[in-house]
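Take a look at the sequence and the structure below.

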Amino acid sequence: SAYDLTIVFASGCDVADPTSASLALHSPVRAASVAVIGSLACSTSVPDGAEVARVTISAADGRSETVSLVAGRDVSEWAWDCPDVLAVVMHSRATVYDSFPATRDSGDACEGHLYVATLPLPGALDAERVEVSWTGPWGTLAVRSLLLVDETGAAVAVAPVPGGLVDGARWRRA
């Protein structure tokens, strides 16, 4: 599924969601870029170009690469095209990945969106862990899918490991 991961990060929307997540991979995955599918919420006042999250890809050799997820370029308010939001949103609309019918609290129907961004890493590596950290000034980020993309364009979806069985801080192979 294109939506194999749903993690919500927040500093807004009157919810108490985490501000970071760390996902261990089953086995190393070659990564030259990371693709993110997601959307913002409660973010109409987040300005264009504001960093909302950082994605860090770590390798077993200790190297890591970090990229920024930016409002308007990489991700946008899910309800960007709804008339009440369009009138006040302060960031551009990112590349739409998928759209869906939505009904606002006012009862008005509109179209909601998920957005996609492919962010090149400063250097390719054999990834063993992916970390996402919310850095936005306010709002909520829903990450629906993360994919690691190698130099040939082949992509591997990042999925949570049930029970964290590959978490070296908790388990060792015996």
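## The disulfide

The structure holds one disulfide. This is a predicted model. A disulfide is a covalent bond between the sulfur atoms of two cysteines. Here the partners are Cys-82 and Cys-110, with sulfur atoms 1.9 Å apart. The two cysteines sit 28 residues apart, so to speak in distant parts of the chain. Cys-82 lies in the loop between β4 and α1 (83–86), while Cys-110 belongs to strand β6.

Which hand does the bond have? The torsion about the S-S bond of Cys-82 and Cys-110 is about 65°, so the disulfide is right-handed. Are the two cysteines buried or exposed? Cys-82 has a relative accessible area of 0%, so Cys-82 is buried. Cys-110 has 13% relative accessibility, and therefore Cys-110 counts as buried too. The cut-off for buried is under 20%.

## The aromatic pair

The count of aromatic pairs comes to one. Its members are Trp-78 and Phe-100, and their rings are stacked. The centres are 6.0 Å apart, with 15° between the planes. This pair also links distant parts of the chain, 22 residues apart. Trp-78 is in the loop between β4 and α1, and Phe-100 is in strand β5 (residues 96–103). Phe-100 has 30% relative accessibility, so Phe-100 counts as partly exposed.

## The nonpolar cores

The largest nonpolar core has 35 residues. Which members touch the most others? They are Val-34, Ile-57, Leu-141, Leu-146 and Leu-148. Several strands give two or more residues to this core: β1 (7–10), β2 (20–41), β3 (51–59), β4 (64–70), β6 (109–134) and β7 (140–149). A second, separate core has nine residues, including Trp-80, Ala-102, Cys-110 and Tyr-115.

Now follow Leu-141. What does Leu-141 contact, leaving aside its neighbours within four places in sequence? The list holds Ile-7, Val-8, Phe-9, Ser-39, Leu-40, Ala-53, Leu-69, Val-75 and Trp-134.

Most residues other than glycine have a negative phi. Cys-42 has a positive phi of about 55°, although Cys-42 is not a glycine. Where is Cys-42? This residue lies in the loop between β2 and β3. Its relative accessible area is 43%, so Cys-42 is partly exposed.

Conventions: Residues are numbered from 1 along each chain as its sequence is written. This is a predicted model: local features need pLDDT of at least 70, side-chain atom pairs count only at pLDDT 80 or more; totals for chains, interfaces and linings use all residues. Side-chain values use heavy atoms; hydrogens and water are left out. A nonpolar core is a set of buried Ala, Val, Leu, Ile, Met, Phe, Trp, Tyr and Cys residues joined through side-chain atoms within 4.5 Å. Buried means under 20% relative accessible area, exposed over 50%, partly exposed in between (1.4 Å probe, protein chains only). Helices (H or I, at least four residues) and strands (E, at least two) are DSSP runs, numbered from the N terminus. Contact means heavy atoms within 4.5 Å. A disulfide is a pair of cysteine sulfur atoms within 2.5 Å. Rings of Phe, Tyr and Trp (its six-membered ring) pair if their centres lie within 6.5 Å; planes under 30 degrees apart count as stacked, over 60 as edge-to-face and the rest as tilted.
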